[in-house]
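Keep the viewer open as you read.

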Amino acid sequence: MAKGQQRDFYEVLGVSKTAAVDEIKAAYRKSALKWHPDRSPANKEEAEIKFRECTEAYSVLSDPQKKQIYDTYGHAGLSSAGGGSGFDGTVFQDFHDIFGDFFGFEDVFSGGRRGRSRAQRGSDLRYDMTLTFEEASAGVTTKIKLPRQEYCEACNGTGAKKGTGVAACQTCGGRGQLAYQQGFFTITRTCPACQGAGQIIRERCQECRGQGRIEREKTIELRIPPGVDTGTRLRVTGEGEPGPNGGPAGDLYVVLDVKEHPFFERRGADLYCTIPLSVAQAALGTELQVPGLSGDEKLKIPEGTQSGAVFRIKGKGLADPRGGGKGDLYYHVRVLTPTKLTREQRKLLEQLGYSLQVSNKPAERGSSLFDKVKDIFG
Ligand SMILES: [Zn+2]
Ligand SMILES: [Zn+2]
């Protein structure tokens, strides 16, 4: 701060030499508010210098010992007394941390506001729910029992026994906040004794033991749309915990876990399953009844179907829970090579083998032996 001539501290704050502590404080508050850098974004640099200046002036004039030195010896006295001009410059490094937003800053000087209502939003709740595959695919309406904190009706959520009222909190004197001196700054914190309410209960409500809230089991009807999956999160607005001091309730999040199906594999809204075919069925073709999501489906296997062929039935998959279209149903066929043949079967296959000719050369790349997905209609 050894930059040129320093202005007189009384002049900086605009107070007389005989000003009382309160007057100095009020003057500082006024200047600090005026020169707060956040308030002068266009002229931040100048504002910061002015702010430092008035803060430095306040740090000296608000301290009786430093004030006396300053009154007697001026700026020089403070430098020789050590610690520069008597204020710790590092404070400004955490300038924004200390003051935060502007209102936080104002709190520093107003000493906390009286009777402040601290309405807050209630907590969100999470409820984990397991569904069968069928429930998830068809959607379901179900009731869940949810233990949650509800308002105590006996005391209207105040926690005070009816007719006893409340008293000002002794710890914070009803301000709801406690001021701590840190250097020459005053930092306020929410009073731990009354959680910032500024009030303390005289006599506890017996119903809620002074909590103002009671844990109750609430039954909530849940409509789960079709097509939900593991990890789907449903939000039920306003069914979380009620907000303290009359604040809005939080939300309830229902997080779903869907059990796996014994043979349908899910990929998004599409479903896959594998159907075994005999060599004869694959070669000659056949018509099968295969299980679908809603009853059986007819699956026509054409002559000469290769192992690995995939058949699709459009629109028979799962619903999109957000209201989009439906997924598809895929049947993947696998031709089973017969094992443990009887003597007769072996003989028949040997005969077949003589008449069937297969070239055992490597198949050309790209010319897939396996069929592409085939759509089935009906
Ligand atoms: Zn109560
Ligand atoms: Zn308190």
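Predicted model: local features only at pLDDT ≥ 70, side-chain atom pairs only at ≥ 80, totals over all residues.

Two of the residues involved, C191 and C194, are buried.

Now hop over to the zinc ion (ligand 1). Here the protein donors are the SG atoms of C152, C155, C205 and C208, lying 2.2 to 2.3 Å from the metal. This site is tetrahedral too, with angles of 104 to 115 degrees among its four donor atoms. The spacing for the zinc ion (ligand 1) reads C-x2-C-x49-C-x2-C. What does that do for the chain? C155 sits in the loop between strand 2 (140-151) and strand 3 (166-168), while C208 sits in the loop between strand 6 (199-201) and strand 7 (213-224), so the pair ties together parts that are 53 residues apart in sequence. Both C155 and C208 are buried.

With 18 residues at 1.5 Å a residue, helix 3 should span 26 Å, and its end C-alpha atoms are 25 Å apart, which agrees. Buried residues in helix 3 include A47, F51, C54 and Y58, as well as V60 and L61.

On to strand 11 (residues 270-278). In a regular strand, side chains alternate between the two faces of the sheet. Strand 11 has a covered face made up of L271, C273, I275 and L277, and an uncovered one with D270, Y272, T274, P276 and S278. Which strands does it pair with? Strand 10 (residues 265-267) pairs with strand 11 in the antiparallel sense over three bridges, and R267 stands opposite D270. In the hairpin of these two strands, which has two residues between them, G268 takes a positive phi near 65 degrees. Strand 11 also runs parallel to strand 15 (residues 329-336), joined by eight bridges, with V333 as the bridge partner of I275.

Finally, look for T305 in the loop between strand 13 (295-301) and strand 14 (310-313). Is T305 buried or exposed? At 5% relative accessibility, T305 counts as buried. Its side chain reaches the backbone oxygen of P302 at 2.7 Å.

Methods:
Residues numbered from 1 in each chain as written. Chains lettered and ligands numbered in written order. Heavy atoms only, no water. Buried < 20%, exposed > 50% of the residue type's maximum accessible area, 1.4 Å probe, protein only. Donors = N, O, S within 2.8 Å, 3.2 Å for Na, K, Ca; no water. Tetrahedral: all angles 85-135°; square planar, octahedral: opposite > 155°, others 65-115°. Helix = DSSP H or I, 4+ residues; strand = E, 2+ residues; numbered from the N terminus. Expected span 1.5 Å × (residues − 1). Polar contact = N/O pair within 3.5 Å; in protein donor to acceptor, adjacent residues only side chain to side chain. Pairing = 2+ DSSP bridges.
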